[in-house]
Amino acid sequence: MIEVRNLNKSFDDKQVLKNISAVFENGKTNLIIGRSGSGKTVLMKSIIGLHQVDSGEILYDNRDLTKMRFKDIKELRKEVGMLFQGSALFDSLTVFENVIFPLEMFSSMTKKEMIDRANFCINRVNLTEAKNKYPSEISGGMQKRAAIARSISLNPKYLFCDEPNSGLDPQTSLVIDQLIKEITQEFDITTIINTHDMNSVMGIGDNIIFIHEGKKEWQGSKDEIFDCNNQNLNDFVFASDLYKKIKNVHHNF
Amino acid sequence: MQLELFEQFYKVKCFLFSKTKKLLNRNLRIVFLYFCRQNTDFMEWLKTVGQYFILIKTVFTKPDRWRMFFRQLPKEMENLGVNSLGIVIIISIFIGAIMTIQTKLNTENPLLPRYSTGLVTRDTLLLEFSSTIMCLILAGKVGSNIASEIGTMRITEQIDALEIMGVNSANYLILPKIIAFVTLMPFLVIFSMGVGLLGGYMVAAFTDVITVSDYIYGIQYAFIPYYVTYAIVKSLVFAFIITSVAAFYGYYAYGGALEVGKASTKAVVNSSILILLFNLILTNLMLV
């Protein structure tokens with residue numbers, strides 16, 4: 001479980017995060033949603049430790065990241081997997097080499113164990129046929145799956161996904177969403193997903209946190225979102241005609 | 001009495017000196033701070049220099065896994081060193097040949113011995129061309145390669161991915177490049193010297209500008225082995241400058257493709273300037 005308490009973060013004189021407190025439970029897909037520029041990426045990067053916060057606490061199972069020494073942060077990061085918006089696979093390595101890379105870097109496994117683990121992760125994301133290909137030779141969806149395989153190779157306790165569906169078609173997006181949800185439940189991971197894809201919100205939103213202009217305005221599940229009275233959230237979620245209709249159907253039902 | 005007076009005088013002198021010194025220090029500090037506040041470019045320069053040394057400190061730490069370091073090292077040696085052999089051969093052979101022709105044409109004097117052409121060609125190659133000019137050319141090839149590779153990794157979040165895994169990205173990416181290039185640079189320089197001299201030999205063999213025997217005698221005459229040591233020391237320093245400066249600009253590239261291009265250009269320009277500056281310093285230290 002990850003918990004943030006009273007997080008504040010400013011860039012020069014602009015305050016981007018304003019006193020944010022939230023709990024991200026394990027075994028659930030926790031979504032951070034909000035408009036572009038609302039501060040959701042800054043929040044995620046602050047939780048990971050890529051940004052230093054001005055004040056507040058970031059607790060990884062009661063271990064406060066803000067009070068950790070550099071060495072401890074490095075150790076903590078071995079428990080963290082991350083799926084980047086652009087996959088961030090290493091260009092010079094094949095899919096298999098990308099997946100085995102964290103194992104070679106940090107695990108104390110034997111060579112055979114590493115190969116088995118990498119193959120297991122690749123099979124888990126259904127990418128066996130492309131394991132010897134370079135990132136430039138596979139599609140965007142496959143790159144995302146390869147990145148998921150790499151992020152789970154060290155058996156992380158925490159998984160961060162920064163806009164996992166950006167640049168993907170709706171069908172592939174569903175596959176990625178479903179894969180993330182399955183992995184979260186299967187390995188009991190605390191997953192935090194940063195997204196503004198409404199299909200993801202409605203599909204896998206176990207715990208949703210809505211950020212507006214740097215403030216947490218709402219927290220709840222995908223089922224509670226229809227009964228929410230927050231105007232900013234309603235404007236954001238039900239912006240399209242399709243979701244307006246779905247909301248009406250939900251209320252009439 | 002005289003002694004007391006002298007002691008008094010000495011105390012007053014010390015007091016005045018310390019006061020003047022404090023006043024001077026204080027005034028100098030004020031002037032410096034005023035200069036810094038007024039001159040934002042100077043502050044930016046100071047910031048860049050500080051950032052460079054912080055990066056170098058991060059690079060020269062113990063690798064997370066030596067096995068991974070030794071796996072990267074031969075790849076970098078091939079990429080930065082072996083793949084530069086082609087350009088080194090082409091440039092050295094032509095410059096060696098041209099230098100021989102030009103030296104001969106500009107020293108047409110009966111008072112000068114015939115072997116002077118070979119001697120001048122050899123010393124120019126050893127002292128300046130193979131160590132400095134070759135490094136300036138390699139700053140363009142290797143420097144832009146490193147800056148654009150690391151810069152692209154930065155903007156495509158590959159470096160962030162390494163950091164999140166807990167890898168010291170600066171150490172993992174930059175250290176093998178620096179070690180590989182610094183190790184191979186002396187060989188490239190010696191190779192360039194040999195090929196340059198071969199270029200001159202080809203002029204002697206295939207044209208009638210100079211005879212082969214005069215050229216061979218010239219390149220052997222009054223040979224000072226220390227010149228080779230001097231060239232190797234220079235090349236080690238330049239190799240470090242090329243790789244570290246290029247890696248620095250690539251590592252701190254932010255934005256998109258445009259910024260990677262700018263980082264690459266800055267890397268080549270600044271490493272070339274530093275090479276020229278250190279060439280002057282090292283020549284002054286080692287030859288004067």
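How many Å separate the centres of domain 1 of chain A and domain 2 of chain A? The legend to View 1 gives the answer. This is a predicted model, in which local features need pLDDT of at least 70, side-chain atom pairs count only at pLDDT 80 or more, and totals for chains, interfaces and linings use all residues. Residues are numbered from 1 along each chain as its sequence is written, and chains are lettered from A and ligands numbered from 1 in the order in which they are written.

**View 1. The two domains of chain A.** Domain 1 of chain A comprises 2-79 + 159-252 and domain 2 comprises 88-155, with bounds that come from an automatic or database domain assignment. Taken over C-alpha atoms, the centres of the two domains are separated by 26 Å. Twelve residues of domain 1 are in contact with eleven residues of domain 2 (contact: C-beta atoms, placed from the backbone, lie within 7 Å). On the side of domain 1 that touches domain 2, helix 6 (residues 170-187) of chain A gives the most, with seven residues. Helices (H or I, at least four residues) and strands (E, at least two) are DSSP runs, numbered from the N terminus.

View 2. Strand 1 (residues 2-11) pairs with strand 4 (residues 55-60) in the antiparallel sense over five bridges; two strands pair if DSSP finds at least two bridges between them. Ser55(A) in strand 4 is the bridge partner of Asn8(A). Strand 4 also pairs with strand 5 (residues 63-64), in the antiparallel sense and over two bridges, and Asp64(A) in strand 5 is the bridge partner of Leu59(A). The hairpin of strands 4 and 5 has two residues between the strands, and Asp61(A) takes a positive phi near 45° there.

**View 3. Helix 7 of chain B.** The 38 residues of helix 7 (residues 169-206) should span 56 Å at 1.5 Å a residue, which agrees with the 53 Å between its end C-alpha atoms; the expected span is 1.5 Å times one less than the number of residues. A kink of about 30° lies at Met185(B), shortly before the proline Pro186(B) (bend: the angle between axes fitted to the seven residues ending at a residue and the seven starting there).

**View 4. Chain B as a whole.** Chain B has ten helices and zero strands. Its radius of gyration is 26 Å, well over the 19 Å that the globule rule gives for 288 residues, so chain B is more spread out than a compact globule. The radius is taken over C-alpha atoms, and the rule is 2.2 Å times the number of residues to the power 0.38. Along the principal axes, the C-alpha atoms fill a box of roughly 85 × 70 × 35 Å.

Technical notes:
Two residues are in contact if their C-beta atoms, placed from the backbone, lie within 7 Å.
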